[in-house]
Amino acid sequence: MSRAPIDHWTLGYALVSAVVIVGRWPDGRVLLLLAVQGLLVALALLMPRARRAGPVGRFLGDWYALLIVIGLYTEIGLVNMADGRAYDRIVLGWEQALFSSQPSREWIRGSPSAWLSWVLHLGYLAYYPILVGTPLALWATGRR
């Protein structure tokens, strides 16, 4: 069975994540997170067969990594918090040093605007359609 590059990348991610989880996670929940990595490995190993099983299998084989990326995005935050680090706090510290305040908090309190809040939140949520839209456009045009 020939694996696609995405399968190799998924296997590599699962391996690196497992090492980081074992090194950082302090309590018994490490087994649950390692089980998630095991599922990733199983998916990556099954996808070459799925790609040969017809159009639905081909779609799943091409898209499985993107379909699970939201969960993996959450996992990164959990693993970072396992040893008490939140990189958002570092960025907040930079903002505090640069602006002598927290612009995200002070701005909305100083100039509340429902429509601007909606626009900014929509901009934040645009991350997800962009994440899926670009590869979808390439896939739809046959550029895999």
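Me: At roughly what angle do the axes of helix 7 and helix 8 cross?

Reply: The axes of helix 7 (residues 114–125) and helix 8 (residues 127–140) cross at roughly 35 degrees and come within 4 Å. Axes here are lines fitted to C-alpha atoms, for helices over the stretch in contact, with angles running from 0 to 180 degrees between N-to-C directions, and helices are DSSP runs (H or I, at least four residues) numbered from the N terminus. This is a predicted model, in which local features need pLDDT of at least 70 and side-chain atom pairs count only at pLDDT 80 or more, while totals for chains, interfaces and linings use all residues. Residues are numbered from 1 along each chain as its sequence is written, and side-chain values use heavy atoms, with hydrogens and water left out.

Me: How confident is the prediction, and where is confidence lowest?

Reply: The average pLDDT, the predictor's confidence in each residue from 0 to 100, is 82 for the protein, and 88% of the residues score at least 70. Confidence is lowest in helix 4 (residues 69–82), with a mean of 69, and highest in helix 2, at 88. Where pLDDT is low, the predicted coordinates should not be read in detail.

Me: Is Thr10 buried or exposed?

Reply: Thr10, in helix 1 (residues 5–24), counts as buried because its relative accessible area is 8%; buried means under 20%, exposed over 50% and partly exposed in between, using a 1.4 Å probe and protein chains only. Beyond four places in sequence, Thr10 is in contact with Leu40, Ala44, Tyr64 and Ala65.

Me: What about Val41, which helix is it in and what does it contact?

Reply: Val41 lies in helix 2 (residues 30–51) and is partly exposed, with a relative accessible area of 30%. Leaving aside neighbours within four places in sequence, Val41 is in contact with Leu11 and Ala14, and the C-alpha atoms of Val41 and Ala14 are 6.5 Å apart although the two are 27 residues apart in sequence.

Key: Helix = DSSP H or I, 4+ residues; strand = E, 2+ residues; numbered from the N terminus. Contact = heavy atoms within 4.5 Å.
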